[in-house]
Amino acid sequence: MTSPGVSPHETWPLWEVFVRASRGLSHVHAGSLHAPDAELALRNARDLYTRRGEGTSVWVVPSDAITTSDPDAKGAFFESPAGKNYRHASYYTASEGVPHL
Amino acid sequence: MGDAVATADVAEYALWLGDDALILAQQLGGWIARAPELEEDVALANIALDLLGHARSLLRYAGTSDGRTEDDLAYWRDEPQFRSAWLFEQPNGDFAQTIARQLAASVYQFELYSALQQSADETLAAIAAKAVKEVEYHRDHAVQWTLRLAGGTDESRARMTRAVGDVWPYVDELFRDEPLIDRLAGIAVRPSALRPGFDAVIDAVFAEAGLVVPDGFRSSGGGRRGQHFSSMGYLLAEMQVLARQHRGATW
């Protein structure tokens, strides 16, 4: 966030919006928006993402507070576990007399 | 609601409130694509749409007294037939001026619709019950921006102070009791009775914002009697041009 007046064409900081559709569900990312502060981000989120009765709860998070995985590192991050049977504890035999396994 | 027919006096009162909402909606529509940021564009447009919804309900009800439709009333009346108070036809000005007008308008409308829910007229009570929840958000929006502009930079504070000075002369008219109100006891809300609630909210907001209620010229107003600024003519011309050029046009 820059101080007001520092640059001639500054824009408001970016916020990520999470909306909970109903009780018992988790908040789901709905999109992003610009707002000068958290209180107004919440109100802008209400106007942009909940005007049709979608939500019972809204979270806004400064976008720069979120650390994301690198899209270019998708392979290394999300490599399928297929073929890595050693990751699964499937070779052990259950000991006799041990209940609830 | 549905089939209720308004008496001439109730229709006149519905026009007061409906025209306030209609003119303010038209004014806020002027910000679309011109607001300081896209998000504020959407916020002001949403408020305008809420107000247009209130106006439609009130004009539709007003029209039941003499068989006119909401379109007849919105598009086929000229300046002297409009009953909106002068506050609502004050120009958009800069963003601060729009916020100052919005603050006065939404605090007034919140007090009004809160009380009107107890009206003996079921249609007016139902319209008020729906509107009050939306106006509460309009009020919150205006309060948030008043605090930020007044507490922002030297420039924003100067503009907010000037805007309050420009708008406040037109506040008094909202609380003037016209003879019509005496004839609608139990149905209409007595405007003067709304003043303490309005002042309490404004005093609290201004105290937090470091603003003072301007002490000076107080316009007597004349909107309820059909007297308007010359700018009202331009506003109506823009609002009515499509309906008048294409008679009977529908979506």
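Me: How far apart are the closest N and O atoms of D19(B) and R77(B)?
Reply: Side chains of opposite charge can pair when their charged atoms come close. A salt bridge here is a side-chain nitrogen of Lys or Arg within 4 Å of a carboxyl oxygen of Asp or Glu. D19(B) and R77(B) form one, with their closest N and O atoms apart by 2.7 Å.

Me: What pLDDT do local features need?
Reply: Residues are numbered from 1 along each chain as its sequence is written, chains are lettered from A and ligands numbered from 1 in the order written, and side-chain values use heavy atoms, leaving out hydrogens and water. This is a predicted model: totals for chains, interfaces and linings use all residues, side-chain atom pairs count only at pLDDT 80 or more, and local features need pLDDT of at least 70.

Me: Is D19(B) buried or exposed?
Reply: Buried means under 20% relative accessible area, exposed over 50%, and partly exposed in between (1.4 Å probe, protein chains only). The relative accessibility of D19(B) is 0%, so D19(B) counts as buried.

Me: What is the relative accessible area of R77(B), the partner of D19(B)?
Reply: D19(B) and R77(B) pair in a salt bridge. R77(B) is buried too. Its relative accessible area is 2%.

Me: In which helix do E155(B) and R159(B) both lie?
Reply: Helices are DSSP runs (H or I, at least four residues), and strands are runs of E of at least two, numbered from the N terminus. E155(B) forms a salt bridge with R159(B), closest N and O atoms 2.8 Å apart. The two are 4 residues apart, about one turn, in chain B's helix α6.

Me: Are E155(B) and R159(B) buried or partly exposed?
Reply: E155(B) has 49% relative accessibility. R159(B) has 35%. Therefore both count as partly exposed.

Me: Why are D199(B) and R195(B) separated by about one helical turn?
Reply: Their salt bridge has its closest N and O atoms 3.2 Å apart. Both residues belong to helix α8 (residues 195–209) of chain B. About one turn separates them because they are 4 residues apart.
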